[in-house]
Structures are given as C-alpha cells and as structure tokens.
Amino acid sequence: MESTVIRAASRKAFAAGLALLLFGAASMFGQMGQPIPGKPSVKGDLPPELADIGIDQRLDEQVPLNLQFKDEQGRTVMLGDYFRPGRPVIVSLVYYECPMLCGEVLNGMSAAFKVLQFTPGNEYEVITLSIDPREKPELAAAKKKAYLERLGRPEAAGGWHFLTGEKSQIDALADAIGWHYHYDAKIDQFAHAAGIVLVTPKGKIAQYYYGIEFSARDMRLGIVEASQNKIGTLADKLLLFCYHYDPRSGKYGAVVMNILRLAGGVTVLLIGGFLVVMFRQPDKRN
C-alpha cells in the first residue's frame, strides 16, 4: 500500500515537473521573436565635420602589429610586442589631456578591471594609445601612474601600457579597428566616440565594448573566448555555452536554444535518477 502511494506521488510529481518544463520552454521560445537592441547611432543630425565620427565594427580583421609607438619610458616599441600566446589584448584610444570623455573611459576600464579576477600582464594585456601626436611619453607615464593607483594592483604595471606615437601610426591603428575621430582646431580638442576593442592574441579583432562603463562579466567572458578557452574556469566555459556575443550591442546575451538544451539535459538526468530510486524501492505489501 505504501509503495503504491509513493509511486502515485512520483507520477504526479513527474507530470507537474514536465508541465513546468514545457511552460518554461514556451515562455523562452516566445521571447525569441523579441527585437534585440542594436548599436545606437552616433551620427544623427550632426554637423558635416562630425558626421563620420563613430566606431565601425571590423570583427575578425587583422590589426597591423608592425606599427611603432613610444612607451611610457620613451622606448620605441612595436605593437606586436604586446601580443603574446594565450593573452588577448584590450585596446583603447584616448588622449591624455582630454577634458572629459577619455577620462571617463579610463575610469570605466579601471572599474571593470577591479572586479575581474584576471590581472593585466597575466591573463590579458591592455594598450591605451593617445590619438594626439603632440603628447609625449612623460604624460603617458603620469597617466599610467594615476590609473595603476586607481586600480590598486601594482603587479598590473607590466600589463597596462600607455603609448604615444606619430600621427601616421596612430591613424593606421585607428583605421584598422574602425575608430573614427576628428580634431577641432578651434577648440583644440578631439571629437571621438567612446568604446574599447578586444583583440585576440594573434591580432584579430574579437569584440567591441561601447560607452564609458564596461561590464566585468562581459569582459571576462570576452577574454576567455578570445583566448580560445586557454584561461578561465569551468564556470566560465559553462557561461560561454549559455551566452553569446552580440556585436550589435557590444554585450553578451542569452542563447535560448543553448539554455534549453542545457536545462533539458539536467532535467532528464534529475527525473531519471528520481524514477530509478523510486522504482527500486522494495515492495512492502508482502
């Protein structure tokens, strides 16, 4: 009698669980038709000299690694010097005497780096390049010192590089990553968009992150993905299964089918184990 009651209860639990799973699946499929927010337009009704300012995505294109710049100590370096096996590179274009936007971008970067368990120079590299050819290594060194103090990780000094260079080299890198800017001589300032670029260890453009605040989660997933899963934990790889990079928004979004497959597999295992345990119980009627 007791076994019959237990089996009846197990069948009811199975039916309820199946109904819940189907309801969840229907809800998720219903969301598949929802529009995905696209990249906001940066042009709009702007004056002609500002109409082309923005960031054009050039995913999977090669960054020229033979470009020459000056590091914070005034040494001539090649861009390729900072590309090492297994370490993606985050590239940001700013200018160090920018009165507002560039500082906000650097603040957003350091805030995201603080949350990351990864450290520049270990799991990834960071290149910050001034787009103003008049700026010199002394100014770059001062900026580096300030942002390393803000980050609070002295060990990151070998992984976050602040560079300056000649206009031809700056423009070559800006063109390669689709980063368009304009110098306004009237006010002696550069007009530009806000964002950073993630590049693979081989110099291929992997992802773009827009704005002045950057999600540490998106950045971590991007670093893991760009490094071809050579770094990170099992949890990272699980998240990469459930999330994919959307180039239109510059962020990661849930992949409905992957979530359904994962949830379905876990549900089958749980239900199968439950039924095996229930039906292997001895019949106490005798």
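**View 1. Asp 188 is partly exposed, at 39% relative accessibility.** Its salt-bridge partner here is Arg 134, which is also partly exposed, at 47% relative accessibility. (Buried is under 20% relative accessible area, exposed is over 50%, and partly exposed falls in between, using a 1.4 Å probe and protein chains only.) The closest N and O atoms of Arg 134 and Asp 188 are 2.9 Å apart. Arg 134 sits in the loop between strand 5 and helix 3, and Asp 188 in the loop between strand 7 (179-184) and strand 8 (189-192), so the bridge ties together parts that are 54 residues apart in sequence. A salt bridge here is a side-chain nitrogen of Lys or Arg within 4 Å of a carboxyl oxygen of Asp or Glu. Helices (H or I, at least four residues) and strands (E, at least two) are DSSP runs, numbered from the N terminus.

This is a predicted model, with local features needing pLDDT of at least 70 and side-chain atom pairs pLDDT 80 or more, while totals for chains, interfaces and linings use all residues. Residues are numbered from 1 along each chain as its sequence is written, and side-chain values use heavy atoms, leaving out hydrogens and water.

**View 2. Arg 84 and Glu 125 meet in a salt bridge, 3.2 Å from N to O.** Glu 125 is buried, at 0% relative accessibility, whereas Arg 84 is partly exposed, at 32%.

**View 3. Lys 144 and Glu 72 form a salt bridge, with their closest N and O atoms 3.1 Å apart.** Lys 144 belongs to helix 3 (residues 137-151), and Glu 72 to the loop between strand 2 (68-70) and strand 3 (76-78), 72 residues away. Both partners are buried. Across the whole structure, a search turns up nine salt bridges.

**View 4. Helix 5 (residues 216-226) is tucked in: nine of its eleven residues are buried, so the rest of the structure largely encloses it.** Among the buried ones are Asp 218, Met 219, Arg 220 and Leu 221. Ser 215 caps the N-terminal end, with a side-chain oxygen 3.3 Å from the backbone nitrogen of Arg 217. Just past the helix, Gln 228 takes a positive phi of about 60°. Arg 220 also lies over the face of Phe 118, 4.3 Å from the ring centre; for this, NZ of Lys or CZ of Arg must be within 6 Å of the centre and within 35 degrees of the ring normal.

**View 5. Met 109, Phe 113 and Leu 173 touch the most other members of the largest nonpolar core, which has 59 residues.** Helix 2 (residues 101-115) supplies the largest share, six residues. Such a core joins buried Ala, Val, Leu, Ile, Met, Phe, Trp, Tyr and Cys through side-chain atoms within 4.5 Å. Beyond its neighbours within four places in sequence, Phe 113 is in contact (heavy atoms within 4.5 Å) with residues including Ile 90, Tyr 124, Trp 160 and Met 219.

**View 6. Ring pairs link Tyr 96, Phe 113, Tyr 124, Tyr 147, Trp 160 and Phe 162 into a cluster.** Rings of Phe, Tyr and Trp (its six-membered ring) pair if their centres lie within 6.5 Å, with planes under 30 degrees apart called stacked, over 60 edge-to-face and the rest tilted. The count comes to nine aromatic pairs. Tyr 147 and Trp 160 make a tilted one, 6.2 Å centre to centre with 50° between the planes. Tyr 147 is in helix 3 and Trp 160 in strand 6 (residues 160-163), 13 residues apart. Both Tyr 147 and Trp 160 are buried.

Terms used: Polar contact = N/O pair within 3.5 Å; in protein donor to acceptor, adjacent residues only side chain to side chain.
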